[in-house]
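Subject: Handover of a structure for your study

Dear colleague,

Please find below the sequence and the structure that I am handing over to you.

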Amino acid sequence: MPWLEVNPMDQKVLFIADFLRESRSFTDLCIQYGISRKTGYKWLTRYQQSGVDGLLEHSRKPRSSPQQTPYPIRQAILKLRQCGDLILGPKKIQKLLLQQYPNESIPSKTTIYKILYDAGMVEKRHRKQRVSPFPQPFAPVESVNDLWSADFKGQFKMRSGAYCYPLTIMDHKSRFLLCCQGFEGPRFEETKCAFEKIFRDYGLPRRIQTDNGVPFASRAAAGLSRLSAWWVSLGILPERIEPGKPQQNGRHERMHRTLKQAVTKPPERGFRAQQKRFDQFITDYNQNRPHEALQQQTPASVYKASERIYREDPHEFIYPDYYEQLSVQHPGIVYFRNHTIYISNVLINYCVGLNEVEQGIFDVYFGPIYLGRFDERNAVKKSTSYLSLKSVTHVY
């Protein structure tokens, strides 16, 4: 039909022109133009009231919006966004609005966020690739050395201008502080050396609990890092708290508050002087400061070294006889049958076990740690094929 090749405004004008010619009935005219009688009468009424200008497309925005946030409330939201040096989110802003305007209808958190976003006061954040979650719940802690907790306390600036990152390691049961050492950053080699010294002095724990940051975790299979893979090779099971839930490591966080008050206010000029403060804090915390959770005993009076002796040689895992055992090659792959399978670059030179759970489907383990699964049936039909692990819900 010729009118389909014109724009909507021209279609309306042609419709009115044909109607004014009275050449066809109104119903036939609407059929010809592919519109309903209701639309036809709407166009006709607009033309009779305003002429051709009445045929222009009208805005669908309502003339009034009773639910729109009042201007004073919107201005208050923008003002409350900045509180001194702090940036407040919709939840806190909503709470303050309820206090300031008790008799007004306060907008929802979603509406507050939209107002902030429209004003350019919210930055879009890119979704980050997260470390794979650790299976919950954690195993119970019954005696000393069942669980150690480790963390890099938030960095602080010394008087020299350099930043200090204190590594802290604590026995969960006795609250005994095993390590408090300042570093220039949370790097793998330095952190490993610190753990080696602690392992030689106090033996090995059964588990070590950390957050999901470097160098304790990574985005590799099962969230393992070079450091935590080394722990596993020594027979230590790593545990990770959930992201954004430091309360799951509450004892360690409480110790950090005491540490911050004691050794960073004010900070020392450089690393040597700051480390002396850390060493003195370890002595005071372990030997001189009674702990309420220990019935006012000191951590040193409760703690004793582990009977599990540290040996530098990695632990050789004994997999079941029906597992396929393969060594991880550079850059993190194993060769299985005619397949090249990417495992993890943090496990180079370690041995993994493959358990066939269904025909062609294999679960992959690093000692007791479940890494993921690959399906041999997905391989391309050729002499060699490349496969990678897929994460599935699994409990150790």
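**Two crossing helices**

The axes of α5 and α6 come within 9 Å of each other and cross at roughly 110°. Here an axis is a line fitted to C-alpha atoms, for helices over the stretch in contact, and angles run from 0 to 180 degrees between N-to-C directions. Helices (H or I, at least four residues) and strands (E, at least two) are DSSP runs, numbered from the N terminus. α5 and α6 are therefore roughly perpendicular, where angles under 35 degrees count as roughly parallel, over 145 as roughly antiparallel, 65 to 115 as roughly perpendicular and the rest as oblique. On the α5 side the contact (heavy atoms within 4.5 Å) is made by P90, K91, I93, Q94 and L97, and on the α6 side by K109, I112, Y113 and L116.

Please note that this is a predicted model, in which local features need pLDDT of at least 70 and side-chain atom pairs count only at pLDDT 80 or more, whereas totals for chains, interfaces and linings use all residues. Residues are numbered from 1 along each chain as its sequence is written, and side-chain values use heavy atoms, with hydrogens and water left out.

**Helix α4**

Which residues of α4 (71-80) are buried? They are I73, A76, I77 and L80; buried means under 20% relative accessible area, exposed over 50%, and partly exposed in between (1.4 Å probe, protein chains only). Seen down the axis of α4, these buried residues fall within an arc of 105°, so they line one face of the helix. The arc is that of the directions from the helix axis to the C-beta atoms. An α-helix has 3.6 residues a turn, so residues three or four places apart point the same way. On the other side of α4, Y71 and K79 are exposed. The buried residues of α4 pack against β1 (82-83), α5 (90-100) and α6 (109-118).

Four strands form an open sheet in the order β9-β12-β13-β14, with antiparallel pairing; two strands pair if DSSP finds at least two bridges between them. β9 (324-327) and β14 (369-375) stand at the edges with a single partner strand each, so one side of each is left without a neighbour in the sheet. Within this sheet, five bridges join β12 (351-358) to β13 (361-366), and N355 has D363 as its bridge partner in β13.

Another open sheet, of three strands, has the order β10-β11-β15 and mixed pairing. Its edges are β10 (333-336) and β15 (385-388). β11 (339-342) runs parallel to β15, joined by four bridges, and H339 stands opposite S385.

**The nonpolar core**

A nonpolar core is a set of buried Ala, Val, Leu, Ile, Met, Phe, Trp, Tyr and Cys residues joined through side-chain atoms within 4.5 Å. The largest has 56 residues, of which F195, F199, L347, V352, F366 and L371 touch the most other members. Apart from it lies another core, of 13 residues, including M170 and C180.

**Backbone points**

Most residues other than glycine have a negative phi, and most peptide bonds are trans. N145, not a glycine, has a positive phi of about 70°, and N145 is buried, with a relative accessible area of 6%. The peptide bond from K265 to P266 is cis, with omega near 0°. Another cis peptide bond joins H330 and P331, and P331 lies in the loop between β9 and β10.

With kind regards
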